Amino acid sequence: MIPGAAGLCAALLDLEPADAQQLGAEVAALAAHLPVPARALLALGTAAAEAVAMTRTGHRLGHLDGDRRRALVAGLAATNAAAPLLDALKVPVLLAHGALVAAADPGSRDPGPPARPDAALDVTPAGRWPTRSVADAVVIGSGAGGAMAARTLAQAGLTVVVVEEGRRFTVAELRASPPIERFTAMYRDGGATVALGRPPVVLPVGRGVGGTTLVNSGTCYRTPTAVLDRWRDDHGVVFADPDAFGPLLDDVWTTLQVAAVPDTVMGANGQIALRGAAALGWSAHRLQRNAPGCGGCCQCAVGCPRNAKFGVHLSVLPAACAAGARIVTDARVERVLHGAGRATGVRARRVDGSTFEILAPHVVVAAGATETPLLLRRSGLGRHPHVGRNLAVHPALSTAGWFDEPVHATSGVLQSVGIDELHERHGILIEATATPPGMGSLLLPGVGRPLADQLARADHLATLGAMVGDAPNGRVRGTSHALVRYDLAQADARRLLRGVAAMGRVLFAAGATAVVTGIGDHPTVRSPAALDEAVASARPGRLHVAAFHPTGTVRMGADDQTHPVDPDGRLRGVDGVWVADASVLPSCPEVNPQVSIMAVALAVAGRCAARAGA
Ligand SMILES: Cc1cc2nc3c(=O)[nH]c(=O)nc-3n(C[C@H](O)[C@H](O)[C@H](O)COP(=O)(O)OP(=O)(O)OC[C@H]3O[C@@H](n4cnc5c(N)ncnc54)[C@H](O)[C@@H]3O)c2cc1C
Ligand code: SF4
C-alpha cells in the first residue's frame, strides 16, 4: 500500500474520487512488484507531494476540491523544484492507468493464435537439481550470448549445463497475464533499473530463460563494417575482421529466421515513419526482425504472446538441448569456483537460499553487461582495473507526433521501420518504436487536466526513437547489486538532440499537427521552426533518456592493461573462464546488438570447445 496514492492520482490525472481510488489501488499493486528501493522512493515522493499540499493549502491532496487541486498542481508544475518530482511520480501512475485502460479493453491486445508451441527444452527448476553434479562446461545465463555458447559447446560434444537466474515463461502464461504484470515479472528488479548520472538513464534488462531476448523488440542488424574494422584494428580482436565475422553473422541470421517486416503487420506507426522519410527524401527501410509468424500485436517488450518472436528460448536453446544441454532455472550463480589458477565450476543459490555446485573445467560467463562484472568480483576474479568500466549504453530519446487521424500505434509491430539517413555519418539511428498496450503515455507532458486531455487522445500518437553510438562513459560497481553510473557525454547529448530534431522533421513531414519533444521547456511544438528552437534551448541534464543496449563492461582485446578479456574471449588471469555476452563487445556496436552479441558468442564458444579438445 502507498499512503496518499489515490490523492496523488487525483492530482496528476485530474480524477474524480472514485476513479482516483481505483487508480491508487492499481498503483499500489504495481508498486508491490518493484524492488524495495523503487517502492520506497515512490512512497517518499508521494509523501513529499502530500506535505507540499498540506503546507500550501492546509489539506491533503485527496481532500482538496477539484478547483483548488487543479490550481495547486498547475502551480507546482510551473516551479523548477517540484516539476522533476511530478515527472517521476507520473511514471508509475501512467503505467497503472495504462494497465486499467488495457484491462477494460482486452480485445485491444488479442495477439491471435500462437505461431508455434513452446520449444522442447530440458529445463529443471533448481529445487530439483542435485547439490553436486559435474559437467564439461557450465554456461551462466541463457540470454543472447549464453544460448549461442551453450549450443556451440553441446554440438561440439561437451556435456553442458546452463544456469539461469530467472524462470521459464510459457506462451500460455504470456497470453493469460496483462502487459504490465509481465513487465514487472520479466525484467530484473521489476524493470526499475536505472543508471545514475545527469541525466539518469532508464536501463531495463530481461531475466528469464532467453534472457533479454525474451523481451526485446526482435530487430536485427548485422554489425556495421566500420565497427568491425575498429574492433579488429583498435582492439586487436582478430575474429572481428569483416571477412571472418561474416559467416558468424550468417549463422545467426539463418538461426533467427530474420526477415523484413511484412506489410500485413507494419501498422500505422511504421507507415508514418516511411511516409515522413519519403517526403524528406531520407533513407529508410522496413526493419529486419526475427519474428516468423508475427501477428503485429505490439507486445514484444513484455514477451511475445504468440511465440512468434524468435528469441533464443525458441531459436537457439532447443538446438542446444537437442544436443544434450540442460538448463537449470531459478538459480543465481554466486561464484565461479577456481583453484590453482583455473576454473573448477560454479556455486549457485536457489530461491530458498540453499546452494548447489556444478563442477566443470570450463565456465562461460554470459550474465549480461550489468551482471557479469558483479559475478566476476564475487568470485575473486574482478581485480582487473577495467572490470566494470567502459560501459556504453546506446542512449535513446523518444519523440511523438499528434495526428488528426487515429494511429492506433499498438496495432502493428512494436519496432517496424529504420531511418538511417544520419546513421553512417553521425551515428544516429532512428527507429519507429511503439509501446505495448497501456504503456505508451509516458512521453506525454504536463499534469492534471492537460495530461488527462492528452491521454484521452493517445491513440492519435505516432512514436519514433533515436539512438546514438556513444562513448563508453559508464561504470558498473558492486558485487551483489549493480550500481550503475553513466554520464552522457556532451557530444552524445548533442547528437541525441539532433536526433530529436530529425524525428520531429519526419513526423511533421508525415502530417503531424504537433510534436511531443520530451524537452522540458518546450514539451509540445507545432512547427519545424518551434522544434528547432526547442532543441536549441534543451538542457541535456533534463532529458528523459532510456537505453536498452548496455555493452563493454568486461571488454575483449589485445591490450592486457585495458581489456580484462583476451581477443579469444578468455578472462585474463585464470584458465577456463570465458566471457560470451554483451560485456565483451569492445565498443558500442551502433546498431541493435543482439545479432552482434550472438556472433561474438559463437566465436568465443568455438574457441572454448577447441580448448576443451572437443
Ligand atoms: C526492451 C528491450 C528491447 C530490446 N530490443 C532489441 C532489439 O530489437 N534488437 C536487438 O538487437 N537488441 C535488443 N535489445 C537488447 C538485446 O536483447 C540484449 O543486448 C541482449 O539480449 C544481451 O545479451 P546478453 O547475453 O549479454 O544478456 P541477456 O540476454 O540479458 O542474458 C543474460 C541472462 O543472464 C541471467 N543472469 C544474470 N546474472 C546471473 C547469475 N548470477 N546467475 C544466473 N543467471 C544470471 C539473466 O537472468 C539473463 O537471463 C533490447 C533490450 C531491451 C531491454
Ligand atoms: S508484434 Fe511482437 S509480440 Fe506481437 S506477435 Fe509480433 S513479435 Fe510477437
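## Ligand 1 and its shell

A residue counts as near a molecule or strand if one of its heavy atoms lies within 4 Å of it. The structure is a predicted model, in which local features need pLDDT of at least 70 and side-chain atom pairs count only at pLDDT 80 or more, while totals for chains, interfaces and linings use all residues. Residues are numbered from 1 along each chain as its sequence is written, chains are lettered from A and ligands numbered from 1 in the order in which they are written, and side-chain values use heavy atoms, with hydrogens and water left out.

Around ligand 1 there are 39 residues, of which Gly145, Glu164, Thr212, Thr219 and Gln594 come nearest. By type, this shell holds 14 nonpolar, 17 polar and 8 charged residues. In this division Ala, Val, Leu, Ile, Met, Phe, Trp, Tyr, Cys and Pro count as nonpolar, Asp, Glu, Lys and Arg as charged, and the others, Gly among them, as polar.

A nitrogen atom of ligand 1 lies 3.0 Å from a polar backbone atom of Ser217. An oxygen atom of the ligand is 3.3 Å from a polar backbone atom of Ala144, and an oxygen atom of ligand 1 is 3.4 Å from an N or O atom in the side chain of Gln415.

Taken alone, ligand 1 exposes 990 Å², and the protein buries 96% of that area. Such accessible areas come from the Shrake-Rupley method with a 1.4 Å probe; for residues, only the protein chains shown count as cover. Two or more residues of the shell come from each of helix H6 (144–155), strand E11 (331–339) and helix H19 (594–611). E11 gives the most, with 3 residues. Helices (H or I, at least four residues) and strands (E, at least two) are DSSP runs, numbered from the N terminus.

Rolling a probe the size of a water molecule over the atoms shows where empty space is left. On a 1 Å grid over the protein atoms alone, a cavity is a set of points where a 1.4 Å probe fits but cannot get out, and a pocket is an open set with protein on both sides within 12 Å along at least five of seven lines; lining residues have an atom within 4 Å of a point. Grid points are joined across faces, edges and corners, and a volume is the space filled by probe spheres set on the points.

The whole structure contains 6 cavities of 30 Å³ or more, and the largest cavity has a volume of about 80 Å³. Its lining has 15 residues, with Arg289, Cys294, Cys297, Cys300 and Cys304 closest to the centre. Ligand 2 sits in this largest cavity, in the sense that more than half of its atoms lie within 2 Å of the grid points. The 13 residues that surround ligand 2 include Cys294, Gly295, Cys297, Cys300 and Cys304 as the closest.

## The second largest pocket

The second largest pocket holds about 560 Å³ of space. Among its 25 lining residues, Thr410, Gly438, Gly440, Ala458 and Asp459 lie nearest its centre. Helix H5 (83–104) supplies the largest share of the lining, 4 residues.

Methods: Polar contact = N/O pair within 3.5 Å; in protein donor to acceptor, adjacent residues only side chain to side chain.
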